[in-house]
Amino acid sequence: MQEIISQAKMQNRTHIFNWDYFREVPMIGIFRNIPLADVAQILPLCATAGIRTLEITMNTERAGEIISYAVEEFGDQLNIGAGTVCCMEDLKMALDHGASFIVTPNLDPEVILECVKRGIQVFPGAFTPTEIYKAWKLGASMVKVFPADNLGTKFISNVKAPFGTIKLLPTGGIGMSNALDYFKAGADGVGISNGLFDKTMIANKDWKSLEAHLVAFVSLLRK
């Protein structure tokens with residue numbers, strides 16, 4: 001494992017974001033505080049299930065190494081990006097390790113504009129209609145509506161009424177029980193962490209059950 005990580009670091013190969021992968025299953029699976037050894041087990045399960053856009057949050061321990069590993073081993077099969085990118089320092093680290101897209105929890109014009117300049121897909125976080133519009137105007141690929149569970153599906157449909165062309169990616173508190181409700185409200189995708197990567201299954205190393213869960217989630221979204 002360590003040898004693979006070292007090779008990935010040396011190559012620092014950034015793969016181009018593949019929108020077809022995202023459109024197949026319009027969801028970003030979020031790895032937050034999941035260690036490298038477990039991520040290595042989960043990545044092939046995601047590829048098999050069809051979850052092909054994955055984010056490693058920058059506040060995860062050894063986030064850069066995890067991104068490098070994921071890009072090196074699965075960059076040709078999956079979109080590997082960085083999340084919780086809050087500032088330019090985070091952005092530099094994420095791109096240095098090969099992230100092909102950037103997700104932020106906040107609205108930082110400098111980060112957005114730098115991604116646009118470099119041709120990197122960026123999903124900035126926004127909470128209000130004003131922030132959503134500003135993020136889109138700055139060049140966001142999609143706008144991450146966060147935290148979505150504080151706003152609910154009605155907020156998505158209300159925002160879509162005047163901003164029909166703005167692509168929205170609600171994130172936060174989404175799982176199998178309500179994911180379809182967000183799409184019915186007009187969401188163009190969803191970001192999911194705990195609702196996708198079940199903590200109990202991961203803690204128990206129950207990869208078979210986790211794979212079944214991922215497959216079931218994808219089947220639900222494909223409806």
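Where is Pro147 found? Select Pro147 and you'll land in the loop between strand E7 (144-145) and helix H8 (148-151). Helices (H or I, at least four residues) and strands (E, at least two) are DSSP runs, numbered from the N terminus.

Before you click on, some ground rules. What you have open is a predicted model, where local features need pLDDT of at least 70, side-chain atom pairs count only at pLDDT 80 or more, and totals for chains, interfaces and linings use all residues. Residues are numbered from 1 along each chain as its sequence is written, and side-chain values use heavy atoms, with hydrogens and water left out.

**Stop 1**

The peptide bond from Phe146 to Pro147 is cis, with omega near -5 degrees. Most peptide bonds are trans, and most residues other than glycine have a negative phi.

Select Thr84, in the loop between strand E3 (79-83) and H5. Its phi is near 50 degrees, a positive value in a residue other than glycine. Is Thr84 buried or exposed? Thr84 counts as buried, at 14% relative accessibility. For these labels, buried means under 20% relative accessible area, exposed means over 50%, and partly exposed is in between (1.4 Å probe, protein chains only).

Now jump to Asn33, in the loop between E1 and H3. Phi of Asn33 is near 60 degrees, again positive in a residue other than glycine. Asn33 counts as exposed, at 54% relative accessibility.

**Stop 2: the largest pocket**

The pocket has a volume of about 180 Å³.

How is a pocket found? Rolling a probe the size of a water molecule over the atoms shows where empty space is left. The search uses a 1 Å grid over the protein atoms alone, and a pocket is an open set of points where a 1.4 Å probe fits, with protein on both sides within 12 Å along at least five of seven lines; lining residues have an atom within 4 Å of a point. Grid points are joined across faces, edges and corners, and the volume is the space filled by probe spheres set on the points.

Which element gives the most to the lining? Colour H11, which supplies three residues. Strand E1 (27-31) and H11 each supply at least two. By type, the lining divides into seven nonpolar, three polar and three charged residues. Here Ala, Val, Leu, Ile, Met, Phe, Trp, Tyr, Cys and Pro count as nonpolar, Asp, Glu, Lys and Arg as charged, and the others, Gly among them, as polar.

**Stop 3: salt bridges**

A salt bridge is a side-chain nitrogen of Lys or Arg within 4 Å of a carboxyl oxygen of Asp or Glu. How many are there by this rule? The count comes to seven, and we'll visit a few.

Select Lys205 and Asp38. Their closest N and O atoms are 2.7 Å apart. Lys205 lies in the loop between helix H11 (199-203) and helix H12 (207-221), and Asp38 in helix H3 (residues 36-49), so the pair ties together parts that are 167 residues apart in sequence. Lys205 is partly exposed, at 45%, whereas Asp38 is buried, at 7%.

Next, pick Asp96 and Lys92, whose closest N and O atoms are 2.8 Å apart. These two sit four residues apart in helix H5 (residues 88-96), so about one helical turn separates them. Asp96 is partly exposed, at 35%, while Lys92 is exposed, at 54%.

**Stop 4: around Lys160**

Finally, select Lys160 and Asp188, which meet in a salt bridge (2.9 Å, N to O). Asp188 lies in the loop between helix H10 (179-184) and strand E8 (190-192) and Lys160 in helix H9 (residues 153-160), so the pair ties together parts that are 28 residues apart in sequence. Lys160 is buried, at 15%, and Asp188 is partly exposed, at 25%.

Show what surrounds Lys160. Leaving aside neighbours within four places in sequence, Lys160 is in contact (heavy atoms within 4.5 Å) with residues including Ile166, Leu168 and Gly186.

Ala161 is exposed, at 65%. Draw a C-alpha to C-alpha line from Ala161 to Gly186: the two are 9.2 Å apart in space and 25 residues apart in sequence.
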